[in-house]
Amino acid sequence: MPSPVPVRRAGVSLALCCTLLVGGTACGSDDKDTRAAAPSASSSAEKQKFAKTRFVANAGLAAGATYQWIVKPFRAGKFKKGADGRTLALVKAGLAGAFTYNRLKAATKNAQGDPALAKAVAPLTAGIDALKDLPSKLRKGESTDSIVNSFDGVINSVKDAGKSAGAEVKDKVPSAGELSKG
(Lines give C-alpha, C1' and ligand atoms only; values in the text may rest on other atoms or scores of the structure.)
Protein backbone atom coordinates (compact mmCIF):
# COMPACT_ATOMS: atom_id res chain seq x y z
CA MET A 1 0.00 0.00 0.00
CA PRO A 2 1.50 3.36 -1.01
CA SER A 3 2.13 5.82 1.79
CA PRO A 4 0.02 8.98 1.65
CA VAL A 5 1.85 12.22 0.82
CA PRO A 6 1.44 14.85 3.52
CA VAL A 7 -0.80 17.73 2.46
CA ARG A 8 1.87 20.33 3.17
CA ARG A 9 4.42 18.61 0.91
CA ALA A 10 1.83 18.30 -1.87
CA GLY A 11 0.97 22.00 -1.53
CA VAL A 12 4.61 23.04 -1.76
CA SER A 13 5.11 20.83 -4.81
CA LEU A 14 2.03 22.26 -6.50
CA ALA A 15 3.11 25.84 -5.78
CA LEU A 16 6.61 25.15 -7.13
CA CYS A 17 5.24 23.58 -10.32
CA CYS A 18 2.89 26.52 -10.92
CA THR A 19 5.71 29.02 -10.38
CA LEU A 20 7.95 27.23 -12.86
CA LEU A 21 5.14 26.97 -15.40
CA VAL A 22 4.22 30.67 -15.14
CA GLY A 23 7.88 31.75 -15.20
CA GLY A 24 8.65 29.59 -18.21
CA THR A 25 5.64 30.88 -20.09
CA ALA A 26 6.51 34.53 -19.36
CA CYS A 27 10.10 34.09 -20.53
CA GLY A 28 9.13 32.14 -23.63
CA SER A 29 7.89 35.10 -25.68
CA ASP A 30 10.01 35.62 -28.76
CA ASP A 31 8.16 38.60 -30.15
CA LYS A 32 10.86 40.99 -31.41
CA ASP A 33 8.43 43.85 -32.04
CA THR A 34 7.63 44.29 -28.34
CA ARG A 35 11.32 44.57 -27.46
CA ALA A 36 12.02 47.08 -30.21
CA ALA A 37 9.13 49.32 -29.15
CA ALA A 38 10.33 49.60 -25.54
CA PRO A 39 12.05 52.96 -24.89
CA SER A 40 15.72 52.96 -23.98
CA ALA A 41 16.35 53.98 -20.39
CA SER A 42 19.87 55.21 -21.03
CA SER A 43 20.25 57.77 -23.77
CA SER A 44 23.56 59.61 -23.90
CA ALA A 45 22.14 62.67 -22.08
CA GLU A 46 20.78 60.49 -19.27
CA LYS A 47 24.08 58.64 -18.95
CA GLN A 48 25.90 61.94 -18.47
CA LYS A 49 23.34 63.16 -15.96
CA PHE A 50 23.51 59.96 -13.97
CA ALA A 51 27.30 59.89 -14.21
CA LYS A 52 27.50 63.31 -12.60
CA THR A 53 25.04 62.30 -9.89
CA ARG A 54 26.93 59.10 -9.14
CA PHE A 55 30.21 61.03 -9.10
CA VAL A 56 28.80 63.47 -6.53
CA ALA A 57 27.45 60.62 -4.38
CA ASN A 58 30.68 58.59 -4.42
CA ALA A 59 32.96 61.58 -3.91
CA GLY A 60 30.69 62.85 -1.11
CA LEU A 61 30.91 59.50 0.70
CA ALA A 62 34.70 59.50 0.31
CA ALA A 63 34.93 63.05 1.63
CA GLY A 64 32.63 62.31 4.57
CA ALA A 65 34.55 59.18 5.55
CA THR A 66 37.87 60.99 5.30
CA TYR A 67 36.74 63.86 7.46
CA GLN A 68 34.84 61.81 10.06
CA TRP A 69 37.30 58.98 10.62
CA ILE A 70 40.68 60.31 9.47
CA VAL A 71 40.99 64.11 9.64
CA LYS A 72 38.79 64.79 12.68
CA PRO A 73 40.44 62.16 14.97
CA PHE A 74 43.87 63.27 13.77
CA ARG A 75 43.15 66.88 14.72
CA ALA A 76 41.81 65.68 18.08
CA GLY A 77 45.13 63.92 18.74
CA LYS A 78 43.70 60.38 18.68
CA PHE A 79 46.57 59.05 16.54
CA LYS A 80 49.36 60.12 18.91
CA LYS A 81 51.17 57.43 20.89
CA GLY A 82 49.59 56.97 24.31
CA ALA A 83 46.26 58.59 23.35
CA ASP A 84 43.11 56.99 24.73
CA GLY A 85 41.41 54.87 22.07
CA ARG A 86 44.34 55.17 19.69
CA THR A 87 44.17 51.59 18.41
CA LEU A 88 40.44 51.76 17.69
CA ALA A 89 40.83 55.17 16.04
CA LEU A 90 43.61 53.83 13.80
CA VAL A 91 41.59 50.76 12.82
CA LYS A 92 38.58 52.92 11.97
CA ALA A 93 40.85 55.27 10.04
CA GLY A 94 42.29 52.33 8.11
CA LEU A 95 38.79 51.13 7.20
CA ALA A 96 37.81 54.66 6.25
CA GLY A 97 40.94 54.95 4.11
CA ALA A 98 40.11 51.76 2.21
CA PHE A 99 36.49 52.93 1.82
CA THR A 100 37.67 56.34 0.59
CA TYR A 101 40.00 54.79 -1.96
CA ASN A 102 37.19 52.52 -3.21
CA ARG A 103 34.68 55.38 -3.53
CA LEU A 104 37.22 57.67 -5.23
CA LYS A 105 37.99 54.97 -7.80
CA ALA A 106 34.24 54.62 -8.41
CA ALA A 107 33.90 58.42 -8.68
CA THR A 108 36.66 58.60 -11.30
CA LYS A 109 34.91 55.85 -13.26
CA ASN A 110 31.64 57.81 -13.01
CA ALA A 111 33.39 60.98 -14.17
CA GLN A 112 34.24 59.31 -17.47
CA GLY A 113 30.54 59.48 -18.38
CA ASP A 114 30.55 63.28 -18.35
CA PRO A 115 33.01 65.16 -20.61
CA ALA A 116 33.50 68.14 -18.28
CA LEU A 117 34.02 65.91 -15.24
CA ALA A 118 36.36 63.62 -17.15
CA LYS A 119 38.62 66.58 -18.03
CA ALA A 120 38.53 67.93 -14.48
CA VAL A 121 39.20 64.61 -12.72
CA ALA A 122 41.78 63.17 -15.16
CA PRO A 123 44.80 64.86 -13.51
CA LEU A 124 43.76 63.48 -10.11
CA THR A 125 43.96 59.77 -10.95
CA ALA A 126 47.63 59.53 -9.98
CA GLY A 127 46.89 61.08 -6.58
CA ILE A 128 43.98 58.71 -6.04
CA ASP A 129 46.10 55.71 -7.04
CA ALA A 130 48.75 56.85 -4.52
CA LEU A 131 46.20 56.35 -1.72
CA LYS A 132 46.00 52.60 -2.37
CA ASP A 133 48.62 51.48 0.19
CA LEU A 134 47.98 54.18 2.77
CA PRO A 135 45.08 52.53 4.68
CA SER A 136 47.29 49.65 5.84
CA LYS A 137 49.99 52.10 6.93
CA LEU A 138 47.35 54.14 8.74
CA ARG A 139 46.11 51.06 10.63
CA LYS A 140 49.67 50.40 11.76
CA GLY A 141 50.09 54.02 12.89
CA GLU A 142 52.97 54.74 10.50
CA SER A 143 53.63 58.42 9.64
CA THR A 144 50.05 59.49 10.28
CA ASP A 145 50.79 63.18 9.58
CA SER A 146 51.70 62.64 5.94
CA ILE A 147 48.95 60.07 5.39
CA VAL A 148 46.22 62.33 6.76
CA ASN A 149 47.53 65.21 4.65
CA SER A 150 47.51 62.96 1.56
CA PHE A 151 43.88 61.92 2.06
CA ASP A 152 42.80 65.48 2.86
CA GLY A 153 44.65 66.88 -0.16
CA VAL A 154 43.19 64.38 -2.61
CA ILE A 155 39.67 64.88 -1.26
CA ASN A 156 39.97 68.66 -1.58
CA SER A 157 41.29 68.28 -5.14
CA VAL A 158 38.37 66.04 -6.09
CA LYS A 159 35.92 68.51 -4.55
CA ASP A 160 37.50 71.39 -6.48
CA ALA A 161 37.46 69.40 -9.73
CA GLY A 162 33.80 68.54 -9.24
CA LYS A 163 32.92 72.14 -8.47
CA SER A 164 34.74 73.38 -11.59
CA ALA A 165 32.74 70.90 -13.69
CA GLY A 166 29.40 71.89 -12.14
CA ALA A 167 29.13 68.95 -9.74
CA GLU A 168 29.57 70.32 -6.25
CA VAL A 169 30.56 67.62 -3.78
CA LYS A 170 29.31 67.80 -0.20
CA ASP A 171 30.49 65.56 2.62
CA LYS A 172 28.20 62.62 3.36
CA VAL A 173 29.34 60.56 6.33
CA PRO A 174 28.83 56.85 5.72
CA SER A 175 27.74 54.60 8.56
CA ALA A 176 30.19 52.21 10.20
CA GLY A 177 28.40 49.36 8.43
CA GLU A 178 29.00 50.98 5.04
CA LEU A 179 32.66 51.35 5.93
CA SER A 180 33.07 47.68 6.65
CA LYS A 181 31.35 46.73 3.38
CA GLY A 182 33.72 48.93 1.40
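The dialogue below goes from the overall fold to one residue and then to the salt bridges.

Reply: Please keep in mind from the outset that this is a predicted model.

Me: Let us begin with the fold. How many helices and strands are there in the chain?

Reply: The chain has nine helices and zero strands. Followed along the sequence, the pattern reads α-α-α-α-α-α-α-α-α.

Me: What share of the contacts in the chain with a separation of 6 or more comes from residues 24 or more positions apart?

Reply: Such residues account for 77% of those contacts.

Me: Which residues is Thr 100 in contact with, leaving aside its neighbours within four places in sequence?

Reply: They are Ala 62, Ala 65, Thr 66, Phe 151 and Ile 155. With regard to Ala 62, its backbone oxygen lies 3.5 Å from a polar atom of the Thr 100 side chain.

Me: Let us turn to charged side chains. How many salt bridges does a search of the whole structure find?

Reply: To read a salt bridge, one looks for a side-chain nitrogen of Lys or Arg within 4 Å of a carboxyl oxygen of Asp or Glu. The search finds two salt bridges. In one of them, the side chains of Asp 129 and Lys 105 meet at 2.8 Å, N to O. Because Asp 129 lies in helix 6 (residues 125–130) and Lys 105 in helix 4, the pair ties together parts that are 24 residues apart in sequence. Asp 129 is partly exposed at 38% relative accessibility, and Lys 105 is likewise partly exposed, at 35%.

Me: Where in the chain do Lys 159 and Asp 171 lie?

Reply: The side chains of Lys 159 and Asp 171 meet in a salt bridge at 2.6 Å, N to O. Lys 159 belongs to helix 8 (residues 144–164), while Asp 171 sits in the loop between helix 8 and helix 9 (176–181). The two residues are twelve apart, and the pair links distant parts of the chain. With 22% relative accessibility, Lys 159 counts as partly exposed; Asp 171, at 39%, is also partly exposed.

Conventions: Residues numbered from 1 in each chain as written. Predicted model: local features only at pLDDT ≥ 70, side-chain atom pairs only at ≥ 80, totals over all residues. Heavy atoms only, no water. Polar contact = N/O pair within 3.5 Å; in protein donor to acceptor, adjacent residues only side chain to side chain. Contact = heavy atoms within 4.5 Å. Helix = DSSP H or I, 4+ residues; strand = E, 2+ residues; numbered from the N terminus. Buried < 20%, exposed > 50% of the residue type's maximum accessible area, 1.4 Å probe, protein only.
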